[in-house]
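Thanks for coming, everyone. Please bring up the sequence and the model on your screens.

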Amino acid sequence: MKRNSGFIGGLKTSNLNDAQGVFDLHDCYISRKDNKWPKRKVFTSCTPNVANHYEGESKTYTIVVDGFEDGDNIYYTYLSTGGTVNSSDFTTDFSGSLSVNASGQAQLTPNLARDADSEGSDTFVIEIRKDSTSGTILGTSGTITIPNAQYTLTPSDATPNEGTTVTMTLAGTNTYTGTHYYSIEGTAANGVDLSTALTGSYSFNGSSGTFNIAIRNDYATEGNETFTVRARVNSTSGPIVASSTITIQDTSLTPSCTISPSATSVNEGSSVTFTLNTTNFASGTLTYRVVLSSDMEVSDVSSVYGTVSISSSTGSFSITATSDGLTETGQTETFQVQIYNDPDGNGALLVTSSAITINDTSTGSTEPTYQDYEKAFIAICNYKRTSDDTQYKTTFMVTNDEFASITVYSDNSYIQGSGTTAPFFSREYIFFKGYWGSFHRFKISDLTKFSANPGGNSYKTNCMAGINTFPSNIAGQNWSDGQVYSGIANTATNVSSNLVSSFQNSTVVNDATGVTTTTQGYMHGSVGMGTMILSARGTNTGGFSASRIFRSFDGGVNFRDVAQISPYSFGGYLGAYPDFNGGKFLWWHTNKMYSSSDGENWTDEGAQSGTGIGNPSYRGWKYPVYNKDTQKFYHTNHSTYSSGSQNIYESTNGREWTSSGTAQYNGSNKTMNNVVVMPNGDMVGMHQNERYSEFYRFARSGTSITWNTTNLVNSVAITSASNFNDDYYGRAVFGPYGAVNGHT
């Protein structure tokens with residue numbers, strides 16, 4: 001063996017790849033570079049070397065090399081050796097670098113994409129390179145095979161009846177575990193025919209996975225309908241790997257019903273039996289609602305809402321006329337019964353009975369009469385995010401007969417999730433508006449509805465107030481300004497054209513000693529009572545800090561600065577409890593309550609105690625109501641971002657709530673969103689039961705309320721079955737006694 005790296009002849013550059021054999025010391029020395037002995041860089045192995053790699057699978061390959069130091073990089077690329085393998089087959093990089101550890105090992109973990117191709121198995125090798133992804137190839141793995149994934153989607157029943165559930169089974173060969181997806185399309189792909197979401201995901205164990213599709217009884221004669229189920233990978237809009245078509249058999253036909261009362265008139269204390277005969281509804285449960293004449297109250301009959309069991313296409317129930325001991329002078333009391341295809345149907349009205357006259361057979365004092373506005377109530381605001389997650393919808397429920405009959409209005413305009421204003425009441429109208437969307441006005445006497453687009457001033461109508469005299473103007477506020485609109489005009493399509501004044505442009509008289517009047521600052525709310533509108537406002541700029549009350553006697557056209565509390569607090573709450581012959585204003589501020597009969601002279605009622613209203617935030621939904629018969633306040637202590645409280649709390653003065661925070665009503669099973677006061681002093685609370693608002697009546701005895709949920713007055717669907725979404729919340733219920741007329 002010669003020197004000069006084993007070569008005979010002239011001097012040549014040392015290259016470990018060129019010479020073989022045993023070097024002598026001279027050869028070894030002159031081969032030394034950068035004071036290091038050079039190593040030969042070679043590929044040793046890949047484990048696994050030959051493998052099946054399934055679509056969707058993340059597989060780890062251990063690469064072993066020699067001649068590299070700890071922390072050196074090697075590089076990889078993939079080479080298609082059969083079929084077509086390219087970057088679209090991978091969810092990870094198609095080439096890149098790997099770091100070598102001290103043992104000469106590196107880990108490569110590619111993940112293969114799932115697709116709908118059926119081109120047969122593809123093969124590839126892993127190329128290991130040095131210097132770069134285009135550098136010298138040191139070696140390759142053995143052949144890696146991507147088996148062709150095959151799926152079949154099979155229903156448990158391809159021709160199911162309405163009201164049944166179909167189980168879909170996705171079976172696969174050469175497939176890998178992981179989440180899979182589905183979508184449903186076709187004439188029956190809607191919320192009326194199906195109660196299952198039209199897109200979704202489910203688990204797949206590598207060979208099979210299942211999901212269910214529930215078919216509704218829609219109680220409509222329409223013929224058979226079809227829908228197609230698509231099994232997908234990657235997402236609900238990803239590649240389709242299998243499909244199956246289902247035909248729904250039209251087995252729930254349009255039901256019909258007849259109703260026969262046992263009498264056309266009934267004495268007080270006696271009962272009328274109503275017999276039902278049905279077609280296309282052999283068995284199940286239907287709902288009855290009692291429609292009262294204008295001279296009647298809920299207490300005049302034994303029940304205004306209930307259910308009746310149908311067996312062999314027939315059923316019956318009874319209504320008793322209450323012996324009230326009162327003389328109804330000049331009044332004729334009648335009622336009718338309506339039958340609804342609910343709760344076991346679609347809620348449609350099936351039949352209305354003939355009118356039943358109640359004979360005034362009891363004697364005693366003359367029964368008091370109530371005006372329309374005293375019996376008018378509104379239940380708001382149930383809102384939901386739509387299924388496409390792009391907007392919120394609101395639902396309004398209005399009644400003028402003590403919740404026995406409720407008219408439901410839906411508003412499809414966008415309403416901010418936390419932004420719904422309290423309604424306010426005048427003698428003739430109920431007004432409502434949200435942060436954004438249309439303005440609404442309900443006429444109490446005939447329940448007609450007027451809506452208008454507020455246009456560019458929409459954000460200036462966040463919080464509203466009105467007065468009980470005519471004209472009933474609307475005082476709308478945002479945090480730093482306010483607008484006053486006419487609430488009577490019917491002709492304008494844009495509320496802005498009914499603009500009466502702007503708060504900042506109103507004449508403001510300073511009557512608050514020690515406070516410099518300014519139109520700047522944040523609004524805390526507006527409230528109306530009698531002939532007065534109050535606006536609470538405050539600021540801590542300009543060298544002073546205070547919250548103030550502004551009072552108007554002309555519907556909000558002009559204001560007087562009449563009261564102030566220092567220091568200014570961003571939180572605060574302004575409310576009122578009218579009795580239409582007077583009432584009081586309430587101002588909660590810095591954890592205290594102040595009361596006033598004129599909006600100008602305020603009495604410090606002291607700090608809050610117990611589980612009470614506390615110091616509500618500017619978005620607090622802790623609305624107390626006042627019952628003039630019990631002379632107590634009630635509230636449910638729920639906030640903007642929740643759908644109700646389990647409990648109802650009571651206070652004799654609005655600041656000292658139920659001793660030790662103990663609730664009068666513990667609604668562990670029936671959450672109450674809020675309570676309202678009825679004309680006779682009874683209370684009504686609303687419970688949200690999925691897409692239904694349930695109204696429970698709590699009877700008054702003297703100055704006490706019997707808190708139980710045995711008297712369900714009504715159950716009203718706040719949205720259709722097709723629009724129902726699990727995040728549909730019931731906001732609150734309000735009425736003219738204890739109406740909160742302004743805070744957001």
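First, the ground rules. This is a predicted model, where local features need pLDDT of at least 70, side-chain atom pairs count only at pLDDT 80 or more, and totals for chains, interfaces and linings use all residues. Residues are numbered from 1 along each chain as its sequence is written, and side-chain values use heavy atoms, with hydrogens and water left out.

Now the cores. By nonpolar core I mean a set of buried Ala, Val, Leu, Ile, Met, Phe, Trp, Tyr and Cys residues joined through side-chain atoms within 4.5 Å. Buried is under 20% relative accessible area, exposed is over 50%, and partly exposed is in between, using a 1.4 Å probe and protein chains only. In soluble globular proteins, nonpolar side chains tend to be buried together.

The largest core here has 40 residues. Phe-335 and Ile-339 have the most contacts inside it. Strand 20, residues 284–292, gives this core its largest share, 4 residues. Strands are DSSP E runs of at least two residues, numbered from the N terminus.

What does Ile-339 touch, leaving aside neighbours within four places in sequence? Its contacts (heavy atoms within 4.5 Å) include Cys-257, Leu-286, Tyr-288, Phe-317 and Val-351. Another core, of 24 residues, lies apart from the largest one. Val-166, Met-168, Tyr-202 and Ile-246 are among its members.

On to charge. A salt bridge here is a side-chain nitrogen of Lys or Arg within 4 Å of a carboxyl oxygen of Asp or Glu. The count is 8.

Start with Glu-185 and Arg-230, at 2.9 Å, N to O. Glu-185 sits in strand 12 (178–185) and Arg-230 in strand 15 (225–232), 45 residues apart. Glu-185 is partly exposed at 35%. Arg-230 is partly exposed too, at 22%.

Next, Arg-551 and Glu-600, at 2.6 Å. Arg-551 is in strand 40 and Glu-600 is in the loop between strands 44 and 45, so this bridge ties together parts 49 residues apart in sequence. Arg-551 is buried at 6%, while Glu-600 is partly exposed at 26%.

Glu-402 is in the loop between strands 27 and 28, Arg-697 is in strand 52, and 295 residues separate them. Shared partners join Glu-402, Asp-682 and Arg-697 into one salt-bridge network.
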